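The following paragraphs are intended to be read alongside the structure.

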Amino acid sequence: MSAPPVIDAPSPFDASWRQEVGAGLDADGLALIDRAVAWATPRFEGQQALTGEPLASHGAGVVRILAALHTDAATRAAALLAALPTDLMAPAPALRNDPVATAFGAEVARLVQGTRALLRLGVVARQASDAEAESGSQKEMQRKMLLAMAADLRIVLMRLASRLRTLRWHAESKAPCSTGFAQETLDLYAPLANRLGIWQIKWEMEDLAFRFLEPDRYKQIARLLEEKRVEREAFIAGAIERMQTALAKSGIDAEVSGRPKHIYSIWNKMRVKRLDFSQMYDLRALRVIVEDVRACYTALGLVHEMWTPLSDEFDDYISRPKPNGYRSLHTVVADDDGRPFEVQIRTREMHQFAEYGMAAHWRYKEAGAKGGQVAASSEYDRQLAWMRQLLAWNSDVEGGAEPGQATGLEPGQASGQEPGKPGGKAESGKAESNKTASGKPGSSRNRNAVKAPAHTDERIYVLTPQARVIELPAGATPVDFAYHLHTDLGHRCRGARVDGQMVPLQTHLSTGQTVEIISAKSGGPSRDWLNPQLGFLASPRARAKVRMWFNAIELQQRITQGQALVEKELQRLGKTAVNLEQLAQNLGFARADDLYVAAAKEEFSLRQIDSVFQQPGPAVEPQPAALRNASAGSAEKSGKSGVLVVGVGSLLTQLARCCRPAPPDAIAGFVTRGRGVSIHRSDCHSYLALAAREPERVIEVAWGETSDTFYPVDVSVRAHDRPGLLRDLSEVFARLRLNVVGVNTQSKQSLAHMVFTVEVRGGESLARALDALAEVAGVSSATRR
């Protein structure tokens, strides 16, 4: 980084520099700048940046730019000190051990450390090896992380000024500028300046970066601009004066501003809108801000009186606002020499909405061909709008303007215009307003005005080892980071390195850190991760993935347990050579796994397996007196279900045993393999699983003639076990003349659960039976299964 000193090289910190960078500062502020120069000068001696620029010249140039932005003395001094050579990869020292803090105080030291943290971010990002790190979404993440790392907005201003100074040095010295450096400026730093409303930095960054990236196109557009920049600005200044005079004569209180479009903006608009240079009507533009809507149209009439309007280039966005809410009058007129230029007219309220609302300039500029239809996160938008308002308010305080009155110029904000050049005549008095002494930049009010809002801590932005930016909620840990990258990586996460140091998995990450996950080859998460008291996870998304892992483990355990129970029952029946998948379907399940889960959860009686083989099993429970064989009119015995399949009643159907449908239940059909159409209740879980798996086999069915048919249904009765309970329940069925064809009883700790298979003709007889069963002594519930 060091180089031999240049003999007799003039010091960049001369009297003219001191006068320029000390503008607007009080005696204490000037003294701070002088101390910073004296402290830094011997440390700058012979030092050069990697680009070849002397670090002393770089620091002096950055402070000049910041002085033009009317920053406070601490910012200017910190920018000079931040240019000193340092090891960016080394961790920042504690303030008590920081020589900058010892010499200049904690505020300046924090600004220096924050700026170097952003420099480190740039170095890491340029070393990215992940292709995704170069994507558009990743560039946006880098912008968000850059802002999040700068808790004080002054750090962002210092970083932007440093980047602009480097671009200026390449242009002045004719030293080659790498395309990567220029492209990074367009992708990251110019959009940040744009979003923050720092127009004078934004347009110059874009022009310089475009000059290095596309030198031929830059020169081509420069030649197409028939006038020099000074001449074009003089034209705008003359038009402003003429417009102000006409408005004053008409008694209209208005602000008139304007400036020519810049080369990068000209090329960008030609590219995005596929326009020829001759179709660019807004190379020069005026903006007129008035008090009310009536004054807008009055001013429009004056404009058309003074200059010749182009009829096809008028847009009334006041009566017909844009979809994003933007309102303004746009007209293109030609001067006496036939040169077209654009005039925008709006009220102050419309201007504020365009500046900070949905139609903000950065949305239009960065949406590209989508024309402002791209929206960023609302919290991020509010943060940026808040920062931009602070910058405008700070400038207004210095210029004596009313709070909320915008002083920065940027014609054509909603139609692709560019911001104003600092100090030029085209800025309609901005240079004069900036020279006033009210609200000195060195005051505490000014320092507070540029600090970032407190609510920026809701998200953090960390880096992968490949420099890809990952957005996480505040308080996120390395485990959250691992699950964000990949679910399997999260499951196998066993440790983490943050900025190269091993840390516990509960460590809260901070913006700008580089995180590397140490994982096992196999394995799963710990149940401790779900304990909020232990602090392993902050992301609901990661917590849900851990729960899914354990739910899957529990499901597999139930399947294993249920399979063992089913196979044991088959061994008892002497039916070991059975297709289990077919058995499950015969029992009304979609898959064998579903049968196993139901058996493990005791939602399915293993005794029903015997009925599939039509083998009467031994009676293990006392049978009720009412238990009989199926009646002749039973749907199961006769095979006549009374169900019409797509209107046809002669097709083979069978009532599913999993849900036992009966009129007037809503029913659905499923075409089985070799067993006709299986009829299910529409809300049957087994049917829903089958339909989701093979929807093409679902068929429309409906009840036909069912008056002479009995349908078996399962009635579940839960009661306190007592002597004579089964007899009392059987008497209910006998009294209602209901045929009970099956019963299964279980008792556990004085609680009885009985399932009766009863033949009914329809819903009415079933409802009467349930009501009568519920009145039996000891019965807690009687429901249909």
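In this predicted model, helix H22, formed by residues 540-573, packs against helix H24, formed by residues 592-600. Their axes lie 7 Å apart and the angle between them is about 85°. Angles of 65 to 115 degrees count as roughly perpendicular, and H22 and H24 are therefore roughly perpendicular to each other. On the side of H22, the contact is made by Leu555, Arg558, Ile559, Gln561, Gly562, Gln563, Leu565 and Val566. H24 contributes Asp593, Leu595, Tyr596, Val597, Ala599 and Ala600. Sorted by class, the contact of H22 with H24 comprises nine nonpolar, three polar and two charged residues.

The axes of helix H3 (residues 55-68) and helix H8 (residues 153-173) come within 8 Å, and they cross at roughly 120°. H3 and H8 are therefore oblique to each other, and their crossing is right-handed. Which residues bring H3 and H8 together? From H3, Ser57, His58, Gly61, Val62, Ile65 and Leu66 take part. They meet Leu157, Met158, Ala161, Ser162, Leu164, Arg165, Thr166 and Arg168 of H8. The residues in the contact of H3 with H8 divide into seven nonpolar, five polar and two charged. An α-helix has 3.6 residues a turn, so residues three or four places apart point the same way.

Turning to the protein as a whole, there are 29 helices and 20 strands. Of its 785 residues, 50% are buried. Among contacts between residues at least 6 apart in sequence, 70% join residues at least 24 apart. The protein exposes about 37100 Å², and carbon and sulfur atoms supply 51% of that area.

Burial can also be followed in individual helices. Helix H13, residues 263-273, has eight buried residues out of 11, so it is largely enclosed by the rest of the structure. The buried residues of H13 are Ile263, Tyr264, Ser265, Ile266, Trp267, Asn268, Lys269 and Met270. Just after H13 comes arginine 274, which takes a positive phi of about 55°. Helix H20, residues 478-485, is mostly covered, with six of its eight residues buried. Those buried in H20 are Pro478, Val479, Asp480, Phe481, Ala482 and Tyr483.

Histidine 70 lies in the loop between H3 and helix H4 (73-82). The phi of histidine 70 is near 60°, a positive value in a residue other than glycine. Is histidine 70 buried or exposed? Buried means under 20% relative accessible area, and histidine 70, at 16% relative accessibility, therefore counts as buried. Lysine 174 is found in the loop between H8 and helix H9 (179-195). Lysine 174 also has a positive phi, near 65°, and is likewise a residue other than glycine. With a relative accessible area of 65%, lysine 174 is exposed.

A cis peptide bond joins proline 663 and proline 664, with omega at about 5°.

Notes
Residues numbered from 1 in each chain as written. Predicted model: local features only at pLDDT ≥ 70, side-chain atom pairs only at ≥ 80, totals over all residues. Heavy atoms only, no water. Axes fitted to C-alpha atoms, helices over the stretch in contact; angles between N-to-C directions. Helix = DSSP H or I, 4+ residues; strand = E, 2+ residues; numbered from the N terminus. Parallel < 35°, antiparallel > 145°, perpendicular 65-115°, else oblique. Contact = heavy atoms within 4.5 Å. Nonpolar A, V, L, I, M, F, W, Y, C, P; charged D, E, K, R; others polar. Buried < 20%, exposed > 50% of the residue type's maximum accessible area, 1.4 Å probe, protein only. Areas by Shrake-Rupley, 256 points an atom, 1.4 Å probe, with all protein chains shown as cover. Left-handed = near helix turned anticlockwise from the far one by under 90°.
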